[in-house]
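Me: I have a model open and want to learn how to read it. Where do I begin?

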Protein chains: 2
Amino acid sequence: MAKVKKQPRPKALPPKGFRDYFGEDVRARKSMLDAIAAVYHQYGFEALESAAVETVEALGKFLPDVDRPNEGVFAWQEDDGKEGGDWLALRYDLTAPLARVFAQHRNDLPTPYRRFAMGPVWRNEKPGPGRFRQFYQCDADTVGSASMAADAEICAMLADTLETVGIPRGDYIIRVNNRKVLNGVLEVMGLDAGEARDAVLRTIDKFDKVGEAGVRELLGKGRLDASGAYIDGVGLTGDQAEPVLAFLTSKAAGTAATLANLRAAVGESPVGLEGVTELQTIADLLSAQGYGPDQIEIDPSVVRGLGYYTGPVYEAELTFEILDEKGRKRQFGSVAGGGRYDDLVKRFTGQEVPATGVSIGVDRLLAALEAKGRGASKSAGPVVVTVMDRDRMADYQIMVAELRQAGIRAEVYLGNPKNFGNQLKYADKRASPVAVIEGGNEHENGVVQIKDLILGAKIAENATLEEWKSLPSQYEVPRSELVSKVREIIALHEAG
Amino acid sequence: MAKVKKQPRPKALPPKGFRDYFGEDVRARKSMLDAIAAVYHQYGFEALESAAVETVEALGKFLPDVDRPNEGVFAWQEDDGKEGGDWLALRYDLTAPLARVFAQHRNDLPTPYRRFAMGPVWRNEKPGPGRFRQFYQCDADTVGSASMAADAEICAMLADTLETVGIPRGDYIIRVNNRKVLNGVLEVMGLDAGEARDAVLRTIDKFDKVGEAGVRELLGKGRLDASGAYIDGVGLTGDQAEPVLAFLTSKAAGTAATLANLRAAVGESPVGLEGVTELQTIADLLSAQGYGPDQIEIDPSVVRGLGYYTGPVYEAELTFEILDEKGRKRQFGSVAGGGRYDDLVKRFTGQEVPATGVSIGVDRLLAALEAKGRGASKSAGPVVVTVMDRDRMADYQIMVAELRQAGIRAEVYLGNPKNFGNQLKYADKRASPVAVIEGGNEHENGVVQIKDLILGAKIAENATLEEWKSLPSQYEVPRSELVSKVREIIALHEAG
């Protein structure tokens, strides 16, 4: 061997904010992604998988956090031997790459282009408990359609998707708003551009957290937040702030009443009226298809942080309560959101291309199902064929081959076979349903011992002596009946 | 709108060496990954999904290209406000993260730990035609088993996997060698460490490309390669090089004869003899399980470039010929490889942990199936419900909802409906089997027009006038029969 200089040992840890997913967690996510993809596909969307890496130039400055438009991504410069290499970055969402792909391939792709994409995205943010810097998104977008039917369809598909993955009607609500309505309100206020407008938008986005009174303070002088820090306000007078609050609180009992309130809030603003009409169209389409206001509703308090939305915006919220880390009840909150963004492709081509789409936060949705006890059922571990005689490894391998051919997950114990107890501990750790034992005596007599580990564990836990006697958990069967006996035991547990 | 400063438009291109995958390509890869995962799972392996990002420290210097141990990864430094942030990098394979994960979680994981992983890896290499900087790997490893049964099992599983994804017996060969045998040969030569040894190893790795004569030249003075460049040799005399060549060419007809040749080549070297015995064990186990030398064979010419292998190494090669870009016949070559690496976890813990595993190059395997015409069958496009009357969008949406509920992929045309020809062109581009048409007249009469686009295309291509008359490709049916008629047409094409 080559001589290696002594170096300090590397730490066996992932970078801060990254984590590993094991066995059942990987399986649960995969099965959710498959279910979502099936709905998207059924709706006519086509898969797209772009690379994790894009040029910073192509990603643009539409970063998730509008307060820090240059931060939030993992980026590095290509080494081109000189100093002029491209800056590359990990994608922070799946929408920016879609805009690049559509601009690049627009002459070959069908228009409208309906695509779905699923995969990890990366955010260079300060990690915290439960906040990770890599997480999955699962998007569907329609590029090249200005029709409100495209937005309505995305909302309907989102409802279908949530119900498909196990969130029943009543446990979620998809709330729909329109940026144009808000722009109309700002127009009426004389705030249709500039820093004050952006500050008002950011404040509105906090409505969910701080409520009407909180927004009123933040639009005015400012507010002491829960942590005791003082947050500066936008500096509007009470009168100036009123139209914003009227807008935010214009949700009424029933779609027609809400739309009437919004119509009043936008006054004569053309863009505002256009927005209200668009919401009306969406509401009519969804209602005609049988989606009720308990599934999808117009709600003017939905703003969504991203700067690039230009029309309808929507957000799916789970309405059931869960217990947080401290055992307090709280609503689970948002698991998906999206909207119309008509300017993203224009950055590349100069031509406006209307587009609308949704992104599902898959990891949050999984956490919600887990919290509700509706997570995927655990799959069984493998049958473990133990090694009693290490010279007969080939015999044991033939046993697992037979089991696998019969569709039964199985493996030979491959650790050091010396200590038999370790082999059973291993089987236990793997959640094995069955262990197979064939020592020298069994081999001579042409039999195998088959241990029902699930029943064994149950008996060990709480059986009476009588039950113990009447419920044997180990069987001696002829070698030729290995597969059928194992199958019988597994079927028994699957049934019960 | 806010005023935006005029900026040059970004280029709508992915970074060099990265690419996008669309629709059917995504589906084909996913279905291959699912098939491979099913085999791995059946063998008792558990899924692991680590993040794309690791610390450079954890990844270590076992980079794929031993000639450039510090290069080959995409890396950047964390911004910690000072200058001391961690260096992070995209993983270049799935083995280095596994070593980190096992070291980190070794007290909680079962031992042996059988895990599989699939996902993209990244290499910061010069891109070229067909050479991408992001590609998929699909690995299975057994960590914590020193048994040759673990290596034999991986080889058997690799054979099963290749046959499962569509490479029949006879179209692939898994070749097995052992690093210890090679080390024995080098020991006999007095080259058991240092630069000369590394140079000999690198040379041996080229045996596949340059053959016996080429290796002889490269071990000696050097060689003019195909491009006309002169490659310096290692500088051994002919006598010195002889044992290496004897080793490389020791494959004989039949495993027993090959092993006898190897035994002769390693002479009295203890490590060499250990290696031959290990190969014998693997061969015996596989033969007992019914794997023939037409599936898995001992072949001393397999070296594999990675510096970290310590025992058995294996490689799967596809043996059929394909036509390359220039229409020349060539063998497809390697699609998977792996081996035993007993030192990777030790970097973290100081304790040696035996491990062995394989990596399948999924993109290459897909390309091979494609080249053989055995790629996944194309899935049908969606039924397209056209828009004849844009005020009745809700009616069209209800039609697609009915079709989807019947399990039929369907969508409403969401582009500008003004030009009906564009709607049919769109359906064509989507490979739609059926278009549905309901104009004002149809609506009044309670009927819909259903156009069989597949038959329509066939007729348009090559029908005689008689056929044209006898094979109508458009049907008028009552609105209530929409779903059943569409289903009938699709079933007809699926059957034929």
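**Strands across the chains**

Reply: Begin with a bridge. F22(A) has L48(B), in β2(B), as its bridge partner. Keep in mind that this is a predicted model.

Me: How many bridges join strand β1 of chain A to strand β2 of chain B, and do they run parallel or antiparallel?

Reply: Two bridges join β1 (residues 21-22) of chain A to β2 (residues 46-49) of chain B, and the strands run antiparallel.

Me: What is the order of the open sheet?

Reply: Read a sheet strand by strand. This open sheet of nine strands goes β1(A)-β2(B)-β6(B)-β7(B)-β14(B)-β13(B)-β12(B)-β8(B)-β11(B). The pairing is mixed. At the edges stand β1 of chain A and β11 (296-298) of chain B. Each has a single partner strand, so one side of each lacks a neighbour in the sheet.

Me: Which sense does the pairing of β8 and β12 of chain B take?

Reply: Strand β8 (residues 172-178) of chain B pairs with strand β12 (residues 312-323) of chain B in the antiparallel sense, over seven bridges. I173(B) stands opposite E317(B) in β12(B).

Me: At what angle to β2(B) does helix α1 of chain A run?

Reply: At about 80°. Helix α1 (residues 23-42) of chain A lies across β1 of chain A together with β2 of chain B.

Me: Why does V358(B) count as buried?

Reply: Count C-beta neighbours; 20 or more within 10 Å means buried. V358(B) counts as buried because it has 26 inside 10 Å. V358(B) sits in strand β14 (residues 355-361) of chain B. Beyond four places in sequence, its contacts include D139(B), I154(B), Y314(B) and G337(B).

Me: How many residues of chain A are in contact with chain B?

Reply: 79 residues of chain A are in contact with 80 residues of chain B. Helix α13 (residues 393-405) of chain A gives the most to chain A's side, with six residues. That side divides into 42 nonpolar, 18 polar and 19 charged residues.

Me: Where in chain A is confidence lowest, and where highest?

Reply: Chain A has a mean pLDDT of 89, and 93% of its residues reach 70 or more. Among its elements, helix α17 (residues 465-470) of chain A is lowest, at a mean of 66. Strand β2 (residues 46-49) of chain A is highest, at 98. Over residues 64-70 of chain A, pLDDT stays under 50. The model scores ipTM 0.89 and pTM 0.90.

Me: How far apart are the C-alpha centres of the two domains of chain A?

Reply: The assignment gives domain 1 (23-371) and domain 2 (383-495). Their C-alpha centres lie 53 Å apart.

Definitions and conventions
Residues numbered from 1 in each chain as written. Chains lettered and ligands numbered in written order. Predicted model: local features only at pLDDT ≥ 70, side-chain atom pairs only at ≥ 80, totals over all residues. Domains from an automatic or database assignment. Helix = DSSP H or I, 4+ residues; strand = E, 2+ residues; numbered from the N terminus. Buried ≥ 20, exposed ≤ 12 C-beta atoms within 10 Å, placed from the backbone. Contact = placed C-beta atoms within 7 Å. pLDDT = per-residue confidence, 0-100. Nonpolar A, V, L, I, M, F, W, Y, C, P; charged D, E, K, R; others polar. Pairing = 2+ DSSP bridges. Axes fitted to C-alpha atoms, helices over the stretch in contact; angles between N-to-C directions.
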